[in-house]
Amino acid sequence: MDKKYILVKDTRRAGADQTEHFAGLLAAKIQAGPAADSVQVVRAADIGFYDQGLVLKFLPAGPVYLNVSEADLDRVVSETVLGGRVLEDLAAAGTARQLRVVLRNCGVINPESLEEYIRRDGYRALSRALFEYTPEKVIEEFKKSGLRGRGGAGYPTWLKWHLTRSVPGDEKYVICNADEGDPGAYMDRSILEGDPHSVLEGMIIAGYAIGAGRGYFYIRAEYPLAIERIGKAIGQARERGLLGAGILGSNFNFEVDIRLGAGAFVCGEETALIASIEGKRGTPRPRPPYPSVSGLWGKPTSINNVETFANVPVVMTRGGDWFAGIGTEKSRGTKVFAVTGKVRNSGLVEVPMGVTLRQIVFDIGGGVRSGKKIKAVQTGGPSGGVIPESRLDTPVDYENLQKLGSIMGSGGMIVMDEDDCMVDIAKFYLGFCVEESCGKCAPCRIGTYQLLKILERISEGEGRSEDLDQMRLIAQAMQKASLCGLGQTASNPVLSTLNYFENEYREHIQAKRCRSFKCRDLLTYSIIQSKCKRCRQCFLNCPVQAISGDREVGFYIQLDKCTKCGKCFEVCKFNAIARE
Amino acid sequence: MVRATINGKVVEVEKGTTILDAANQVQVKIPTLCKHPDLISSAACGICIVKVKGSNKMLRACCTPLDNAMEIITHDPEIVSIRRTVLELILSKHPNDCLKCGRNNNCELQRLAADFGIREELFPKYLKDIPKDESTGSIVLEPPKCILCGRCVQVCQQMQDVWALSFLERGFETRISPAGDIKLGESPCVRCGQCSAHCPTGAIFEQDDTARVWEALQKPGNYCVVQIAPAVRVSIGEAFGFQPGDNFTRRLYALLRRLGFAAVFDTNFGADVTIIEEASEFVDRFKNPSPERPLPLITTCCPSWVDFMEKFHHDMIPHFSSCKSPHQILGVLSKTYYASKYNLDPARIVMVSIMPCTAKKYEITRTDEMFASGFQDIDIVLTTRELARMIKQAGIDFPSLPEEEPDHILGNYTGAGVIFGATGGVMEAALRTACFYITGQKLDRLEFSETRGLKGVKESSIEIAGTRVGIAVAHGLSNVEYVLNQVREAVKAGRPVPYHFVEVMACPGGCVGGGGQPYGVTDERRSKMSRGLYEDDLNQPIRSSHENPQVQQLYREFLGEPRSKKSESLLHVHYKARPQYRK
């Protein structure tokens with residue numbers, strides 16, 4: 001019988017972490033009953049919910065309970081653990097929509113234990129591939145599955161393998177792209193840290209399918225734990241004959257190495273990544289030739305993303321048809337998203353393709369934390385775009401997001417509410433791209449900078465009426481004339497905000513007004529004398545002594561001294577500070 | 001073959017042909033900026049974009065091979081508009097220095113801006129003030145003018161294998177600099193100047209010494225003499241609308257006199273002397289090779305090559321000919337032999353060399369041996385590009401000048417001397433004389449087609465007196481390692497070395513493709529210039545250095561024997577290992 005797990009985590013922001021305490025209590029209660037051998041209590045490091053009190057998560061398939069109190073524990077054991085009934089008053093809404101394929105083992109097994117991975121069907125896929133499938137048949141299975149690359153572009157995985165396989169040559173390579181760099185995204189990191197063997201197994205199967213003898217993990221150096229765990233996994237696999245010469249007694253040989261990235265975002269672009277592994281400056285080169293023809297050291301190379309690899313063993317064990325049954329017609333399977341921003345439950349979610357953005361944000365994410373109106377959802381990181389509230393009912397898949405001017409990307413999803421200024425958002429992403437442009441091609445190197453300068457001007461109240469046209473002109477040149485994906489998509493955050501929120505830009509330019517009160521230079525603070533109780537809090541807290549006056553005459557903000565930091569607005573208990 | 005359409009017209013090209021090249025078939029020259037025919041496309045600029053039907057992406061014509069059934073559109077209003085925007089973006093990071101730029105009227109970016117009718121600054125300029133790097137004395141780096149096309153980096157790293165230049169920083173801050181942000185003069189730079197010859201803008205150019213020459217010419221008491229290198233005569237015409245390869249030797253003599261030089265010599269004479277010394281050295285080694293003086297003998301006319309060897313391959317020092325380069329030889333002779341014969345005070349002689357080369361500017365003070373006459377043997381070096389400017393400043397109608405003769409006794413040259421300017425030329429010239437020295441007989445053929453042409457490494461063998469003599473000619477420094485490794489491996493394995501004689505020139509094509517030659521060098525131009533030199537060789541009544549009567553006179557009256565004590569002290573040098581980086 002499969003063992004069941006209960007993950008326990010105290011998610012309160014304040015106070016000492018009581019995870020240990022509650023886990024002990026729960027374990028003791030279970031130990032005393034008939035489920036002692038079949039249920040294990042696990043202390044989770046991150047459970048995907050925040051500030052929801054004590055959270056319990058039932059695995060492999062079960063509800064998530066939020067804000068559980070000590071008094072609830074008896075009920076939990078008798079009803080849910082033993083009775084299999086869900087306690088509706090504790091259950092988090094929408095968890096049923098999640099489907100854990102990629103994250104099947106994350107948080108469930110000890111990632112440093114090969115045994116635990118094997119116990120959950122680990123390396124069964126590999127053995128199946130090696131002994132029951134020819135490489136061509138493996139590729140065929142993936143064609144059936146419809147799995148597409150999870151790194152962002154959504155290129156069919158089977159086709160990439162097929163192309164790499166069909167190029168003649170003895171020496172071929174597989175690379176795992178673990179250079180995750182989108183702001184706010186940590187899907188790949190969590191998989192590498194939580195289930196390293198699944199990624200490794202996926203890579204070995206890919207190596208078998210394309211005829212490669214060596215694989216490289218390209219992991220950014222900022223992910224030390226991921227590096228450590230992949231390193232351990234490689235060592236364990238080697239020891240057990242899952243890597244090296246004659247894997248599992250077959251005649252397939254495969255070796256794996258780790259290469260560390262120095263944190264350059266552009267090194268997630270495949271040709272730049274290859275250059276980086278080769279010890280060169282991480283800049284892209286023109287394609288064709290594609291890496292499948294001439295990749296690492298000029299040899300045929302297949303580069304796949306972490307999440308793609310994590311899907312591979314599942315496709316092999318459960319079959320391509322099973323996988324193809326999940327998701328939408330063109331986008332099969334599930335997708336992991338890192339939902340962050342103004343959402344109540346930020347964290348990783350894994351959903352079948354085709355779930356709508358609204359379902360992800362509201363049913364799973366619990367809606368907007370502040371209770372304010374949601375304004376937009378940003379997907380795809382700096383290459384993606386902002387999707388307005390009116391389009392949140394769009395089912396998530398590769399094509400739909402592209403139609404909305406965004407992209408799937410690697411799975412970053414940032415929820416924005418009315419406090420988020422769209423000019424500011426565009427500026428943030430552009431700033432990221434200016435930092436991360438490799439500098440090789442002119443449209444990206446100079447285009448991003450010029451765009452950023454225009455956005456800065458607009459947010460400082462120096463916008464000009466011709467700015468919007470000029471931004472579109474630059475954005476178009478970047479899209480069409482940049483060498484790699486970074487430059488071609490770097491203008492997406494600008495274009496999508498311009499597209500859906502042009503009025504906000506116009507307000508900034510014409511009325512010099514920022515409705516979200518984000519653009520500091522456009523704000524003025526003043527004291528509403530009729531509301532002021534002369535409590536002096538603003539006067540005392542102003543960091544630059546821009547507030548003068550006394551209790552007799554009242555208090556006034558000296559605009560020439562005010563840095564618009566907003567401290568007075570924050571500390572005033574009587575809403576006597578006006579912000580315009 | 002690949003069949004596709006460009007602008008609706010069917011084209012058929014060989015597989016691998018780029019869209020850029022294929023477009024020539026339908027009379028379209030797609031505008032480019034970073035592309036250079038010598039180099040692999042870096043695809044940096046984004047000017048050459050075209051549309052392909054069925055994709056909303058645009059392709060770079062310079063590096064995308066035409067594929068079967070592609071339907072390419074090379075121009076429509078959208079494409080032209082995007083090209084213009086990209087150009088405007090590039091211009092927004094380039095100073096408006098055209099009037100005081102070395103590349104004014106000869107700048108690829110300026111030409112493009114003119115073609116696109118740029119009349120105003122669409123985007124604000126964001127320039128960075130990075131100081132000039134003049135530390136080499138040969139080449140000047142002016143990073144603010146750099147458009148990051150990457151040509152110089154590729155030239156320095158791949159073509160020349162020197163790795164002095166690289167990209168530093170990232171994104172908008174990216175710039176060209178030696179690694180570690182040191183000065184070029186502290187880097188492994190060998191001053192070949194290929195970076196400057198390939199730069200599309202004024203970001204890398206030669207150190208301008210024309211003012212020093214004007215000053216020397218007008219200073220009372222100076223006795224200014226000048227020499228012209230072989231390659232200059234077939235390239236100077238380009239600045240006046242002539243074809244590369246057109247020979248201006250005699251008009252150059254006339255010109256230099258009119259500029260004010262008291263005597264006009266020809267480096268080809270120095271080349272003939274070089275051959276006498278080097279061929280003697282070769283014959284000596286050929287007959288009695290020893291560990292101190294082993295085979296193959298390697299030529300040393302090229303200062304960049306010498307510098308490169310001292311920095312990167314100093315284990316080969318024993319193989320190096322100790323003979324000075326032709327212009328150094330002429331320099332020392334002008335301040336010794338010539339001075340004494342014409343009763344001139346060598347202290348008053350100012351020797352100017354007109355060279356196709358930026359490294360020659362460095363060579364003239366390279367070691368103490370460059371002061372063998374007791375004075376600095378060569379005072380100033382001008383490149384071909386600088387001379388062209390001087391001619392224009394003087395207002396001389398150069399192409400209409402009458403033809404004149406050089407000054408004796410350092411002006412006569414043979415066909416062997418003039419082919420020094422082309423890759424393989426030194427080898428060919430040396431073989432003509434060496435064969436005579438070994439066999440005592442005139443060769444039945446003077447041309448060695450094996451050494452000619454633009455193949456990077458030319459290996460062959462000839463028979464001299466019943467012995468097979470292996471030769472190798474390499475040009476472009478990246479081709480050197482192969483040749484040297486052949487020697488090293490043979491020595492290591494105890495096998496006979498594969499070559500007896502090796503010629504190396506740093507610049508592709510030899511001196512005709514030098515770093516100081518007119519901008520826009522391509523293989524086509526290199527071939528044309530070489531052809532010009534080989535024609536000059538054919539037209540000479542005497543075509544072997546040892547038959548040059550003035551050279552014979554020199555030895556009779558002054559030097560004595562080849563490799564005599566006197567010639568050793570005046571015409572020969574020593575080499576030493578040098579660090580690649582110095583601080």
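A: Begin with domains, whose bounds come from an automatic or database domain assignment. The model here is predicted. In chain A the assignment gives domain 1 (4-92), domain 2 (114-324), domain 3 (334-417), domain 4 (422-511) and domain 5 (523-579).

Q: How far apart are the C-alpha centres of domain 1 and domain 2 of chain A?

A: The two C-alpha centres are 35 Å apart.

Q: What share of the residues of chain A count as buried?

A: A residue is buried if 20 or more other C-beta atoms lie within 10 Å of its own. By that count, 54% of the 580 residues of chain A are buried. Contacts can also be read by sequence separation: in chain A, of those between residues at least 6 apart in sequence, 70% join residues at least 24 apart.

Q: How many helices and strands are there in chain A?

A: Chain A has 21 helices and 17 strands.

Q: In what order do the five strands of the open sheet in chain A lie?

A: Strands pair if at least two bridges are found between them. In chain A the order is β10-β9-β13-β11-β12, with mixed pairing. β10 (347-352) and β12 (385-388) of chain A are at the edges with a single partner strand each, so one side of each has no neighbour in the sheet. On average, neighbouring strands of this sheet are turned by 30° against each other, direction ignored.

Q: How do β9 and β13 of chain A run, and how many bridges join them?

A: β9 (residues 334-341) and β13 (residues 412-417) of chain A run parallel and are joined by four bridges. As for individual residues, V339(A) has M413(A) as its bridge partner in β13(A).

Q: How many residues does each chain bring to the contact between chain B and chain A?

A: Chain B brings 25 residues and chain A brings 25 residues. On the chain B side, β4 (58-60) and α2 (77-91) each supply at least two residues. α2(B) gives the most to that side, with five residues. By class, the side of chain B that touches chain A has 16 nonpolar, six polar and three charged residues.

Conventions: Residues numbered from 1 in each chain as written. Chains lettered and ligands numbered in written order. Predicted model: local features only at pLDDT ≥ 70, side-chain atom pairs only at ≥ 80, totals over all residues. Contact = placed C-beta atoms within 7 Å. Nonpolar A, V, L, I, M, F, W, Y, C, P; charged D, E, K, R; others polar. Axes fitted to C-alpha atoms, helices over the stretch in contact; angles between N-to-C directions. Buried ≥ 20, exposed ≤ 12 C-beta atoms within 10 Å, placed from the backbone.
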